[in-house]
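Here is a short report on the strands and sheets of one protein model. Keep the structure open as you read.

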Amino acid sequence: FGVGFMDTIHIKPKSSLRVSLDEKGRLKFVPISDLESKNKMCRITSKATVKGGKVKLGFSDGRSMLSDKKEYAVGDSLLLEIPSQKVLGHFPLTKGNTVFLLSGRHTSIVCSVESLEGDIIRCRHGKDTLETLKKFAFVVGKDKPVVTL
(Lines give C-alpha, C1' and ligand atoms only; values in the text may rest on other atoms or scores of the structure.)
Protein backbone atom coordinates (compact mmCIF):
# COMPACT_ATOMS: atom_id res chain seq x y z
CA PHE A 1 0.00 0.00 0.00
CA GLY A 2 1.11 3.56 -0.61
CA VAL A 3 1.74 5.79 2.39
CA GLY A 4 1.45 9.53 2.87
CA PHE A 5 1.89 12.30 5.39
CA MET A 6 0.59 11.40 8.92
CA ASP A 7 0.05 7.71 8.07
CA THR A 8 1.12 5.13 10.66
CA ILE A 9 3.11 2.00 9.87
CA HIS A 10 3.22 -0.97 12.28
CA ILE A 11 6.23 -3.27 12.09
CA LYS A 12 6.04 -6.48 14.07
CA PRO A 13 6.62 -7.23 16.89
CA LYS A 14 6.33 -3.83 18.65
CA SER A 15 7.43 -0.97 16.43
CA SER A 16 5.30 1.89 15.08
CA LEU A 17 6.35 4.71 12.76
CA ARG A 18 4.61 7.92 11.65
CA VAL A 19 5.20 9.24 8.14
CA SER A 20 6.40 12.86 8.17
CA LEU A 21 8.38 15.13 5.85
CA ASP A 22 12.01 16.24 5.94
CA GLU A 23 13.25 19.72 4.97
CA LYS A 24 13.34 18.77 1.26
CA GLY A 25 9.76 17.45 1.22
CA ARG A 26 10.75 13.76 1.19
CA LEU A 27 8.98 11.21 3.35
CA LYS A 28 10.68 10.33 6.63
CA PHE A 29 9.65 7.82 9.28
CA VAL A 30 9.52 8.87 12.95
CA PRO A 31 9.23 6.28 15.77
CA ILE A 32 6.07 6.71 17.89
CA SER A 33 4.52 4.96 20.89
CA ASP A 34 1.86 2.26 20.53
CA LEU A 35 -0.66 4.57 22.25
CA GLU A 36 -0.03 7.35 19.72
CA SER A 37 -0.26 4.92 16.78
CA LYS A 38 -4.02 4.65 17.35
CA ASN A 39 -4.50 8.37 16.53
CA LYS A 40 -4.19 10.26 13.26
CA MET A 41 -4.25 13.98 12.51
CA CYS A 42 -6.26 14.80 9.37
CA ARG A 43 -6.69 18.19 7.69
CA ILE A 44 -10.17 19.11 6.40
CA THR A 45 -9.92 19.76 2.64
CA SER A 46 -13.63 19.96 1.77
CA LYS A 47 -16.94 20.57 3.49
CA ALA A 48 -20.47 20.16 2.12
CA THR A 49 -23.98 19.99 3.57
CA VAL A 50 -25.84 16.81 2.62
CA LYS A 51 -29.44 15.68 2.88
CA GLY A 52 -30.70 15.68 6.45
CA GLY A 53 -28.63 18.69 7.55
CA LYS A 54 -25.43 16.75 8.21
CA VAL A 55 -22.02 17.99 7.12
CA LYS A 56 -19.75 15.82 4.97
CA LEU A 57 -16.07 16.46 5.66
CA GLY A 58 -13.33 15.44 3.22
CA PHE A 59 -9.83 14.89 4.64
CA SER A 60 -6.29 15.22 3.31
CA ASP A 61 -5.75 11.45 3.27
CA GLY A 62 -8.81 10.75 1.09
CA ARG A 63 -11.20 9.65 3.82
CA SER A 64 -14.53 11.36 4.47
CA MET A 65 -16.96 11.48 7.36
CA LEU A 66 -20.42 12.78 8.24
CA SER A 67 -20.72 15.13 11.21
CA ASP A 68 -23.41 17.07 13.06
CA LYS A 69 -20.99 19.86 14.00
CA LYS A 70 -21.00 22.91 11.77
CA GLU A 71 -18.02 24.71 13.40
CA TYR A 72 -15.45 22.67 11.43
CA ALA A 73 -13.91 24.65 8.54
CA VAL A 74 -11.69 23.86 5.57
CA GLY A 75 -8.07 24.14 6.74
CA ASP A 76 -8.80 22.96 10.30
CA SER A 77 -7.44 19.64 11.54
CA LEU A 78 -9.12 16.86 13.50
CA LEU A 79 -7.40 14.28 15.67
CA LEU A 80 -9.13 10.99 14.84
CA GLU A 81 -9.05 7.66 16.62
CA ILE A 82 -8.29 4.96 14.07
CA PRO A 83 -10.13 2.84 12.86
CA SER A 84 -13.37 4.06 14.56
CA GLN A 85 -12.95 7.67 13.23
CA LYS A 86 -14.02 9.06 16.60
CA VAL A 87 -13.04 12.76 16.86
CA LEU A 88 -10.61 13.26 19.77
CA GLY A 89 -9.77 16.90 19.10
CA HIS A 90 -10.49 19.89 16.85
CA PHE A 91 -7.65 22.27 15.94
CA PRO A 92 -8.76 25.31 13.92
CA LEU A 93 -6.44 27.27 11.65
CA THR A 94 -6.37 30.39 13.84
CA LYS A 95 -3.90 32.73 15.48
CA GLY A 96 -1.80 31.04 18.18
CA ASN A 97 -2.16 27.45 16.99
CA THR A 98 0.82 25.35 15.91
CA VAL A 99 1.22 24.37 12.24
CA PHE A 100 3.53 22.08 10.26
CA LEU A 101 4.48 23.57 6.87
CA LEU A 102 4.05 21.00 4.08
CA SER A 103 5.60 22.76 1.12
CA GLY A 104 7.39 25.85 -0.09
CA ARG A 105 10.65 27.35 1.14
CA HIS A 106 9.90 26.48 4.77
CA THR A 107 8.97 22.79 4.36
CA SER A 108 8.89 20.70 7.59
CA ILE A 109 9.07 23.71 9.93
CA VAL A 110 6.80 23.66 12.99
CA CYS A 111 5.72 27.20 13.91
CA SER A 112 3.00 29.24 15.61
CA VAL A 113 0.42 31.21 13.59
CA GLU A 114 0.68 34.98 14.05
CA SER A 115 -1.81 36.20 11.46
CA LEU A 116 -3.99 35.12 8.54
CA GLU A 117 -4.68 37.51 5.65
CA GLY A 118 -6.49 36.01 2.66
CA ASP A 119 -4.34 33.17 1.33
CA ILE A 120 -1.23 34.31 3.25
CA ILE A 121 -0.26 33.04 6.68
CA ARG A 122 2.45 34.54 8.91
CA CYS A 123 4.10 32.28 11.47
CA ARG A 124 6.62 32.68 14.28
CA HIS A 125 9.50 30.17 14.29
CA GLY A 126 11.84 31.03 17.16
CA LYS A 127 12.79 34.68 16.58
CA ASP A 128 11.98 34.56 12.84
CA THR A 129 8.71 35.44 11.14
CA LEU A 130 7.82 33.28 8.14
CA GLU A 131 5.30 34.04 5.42
CA THR A 132 3.78 31.32 3.25
CA LEU A 133 0.51 30.23 1.64
CA LYS A 134 -2.33 29.06 3.85
CA LYS A 135 -2.68 25.84 1.82
CA PHE A 136 0.81 24.78 2.99
CA ALA A 137 -0.15 24.92 6.71
CA PHE A 138 -1.26 21.72 8.49
CA VAL A 139 -2.51 22.44 12.03
CA VAL A 140 -0.94 19.99 14.50
CA GLY A 141 -1.90 21.45 17.89
CA LYS A 142 -2.67 24.47 20.02
CA ASP A 143 0.51 25.45 21.91
CA LYS A 144 2.60 22.49 20.75
CA PRO A 145 2.10 19.51 18.41
CA VAL A 146 -0.21 16.81 19.83
CA VAL A 147 1.39 14.17 17.59
CA THR A 148 5.05 13.27 17.08
CA LEU A 149 6.46 14.76 13.89
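## The model

This is a predicted model. Residue numbers start from 1 along each chain.

## The five-stranded sheet

Five strands make an open sheet. Their order is E12-E11-E10-E9-E13, and the pairing is antiparallel. Strand E12 (128-133) and strand E13 (137-141) are the edge strands. Each of these pairs on one side only. On average, neighbouring strands of this sheet are turned by 45° against each other, direction ignored.

Strands of a sheet pair through backbone hydrogen bonds, and the sense can be parallel or antiparallel. Strand E9 (residues 98-101) is joined to E13 by 4 bridges, and the two run antiparallel.

## Two hairpins

Strand E10 (residues 110-117) pairs with strand E11 (residues 120-125) in the antiparallel sense, over 5 bridges. Leu116 stands opposite Ile121 in E11. The hairpin of E10 and E11 has 2 residues between the strands. Gly118 in this hairpin takes a positive phi near 65°.

E11 also pairs with E12, again in the antiparallel sense, over 6 bridges. Here His125 stands opposite Asp128 in E12. E11 and E12 form a hairpin with 2 residues between them. Which residue in the turn has a positive phi? That residue is Gly126, with a phi of about 65°.

## The three-stranded sheet

Another open sheet has 3 strands in the order E1-E2-E3. Its pairing is antiparallel. Strand E1 (8-11) and E3 are the edge strands, and each pairs on one side only. Neighbouring strands of this sheet are turned by 35° against each other on average, direction ignored.

Strand E2 (residues 15-21) pairs with E3 over 6 bridges, in the antiparallel sense. Arg18 has Val30 in E3 as its bridge partner.

## A nonpolar surface patch

Strand E3 (residues 27-32) also holds Phe29. Phe29 belongs to a nonpolar patch on the surface, together with Val3 and Leu27. The three residues have about 260 Å² of accessible area together.

Conventions. This is a predicted model: local features need pLDDT of at least 70, side-chain atom pairs count only at pLDDT 80 or more; totals for chains, interfaces and linings use all residues. Side-chain values use heavy atoms; hydrogens and water are left out. Patches are made of residues with over 30% relative accessible area and no salt bridge: like charges are joined within 9 Å, nonpolar side chains (Val, Leu, Ile, Met, Phe, Trp, Tyr) within 5 Å. Accessible areas come from the Shrake-Rupley method with a 1.4 Å probe; for residues, only the protein chains shown count as cover. A salt bridge is a side-chain nitrogen of Lys or Arg within 4 Å of a carboxyl oxygen of Asp or Glu. Two strands pair if DSSP finds at least two bridges between them. Axes are lines fitted to C-alpha atoms, for helices over the stretch in contact, and angles run from 0 to 180 degrees between N-to-C directions.
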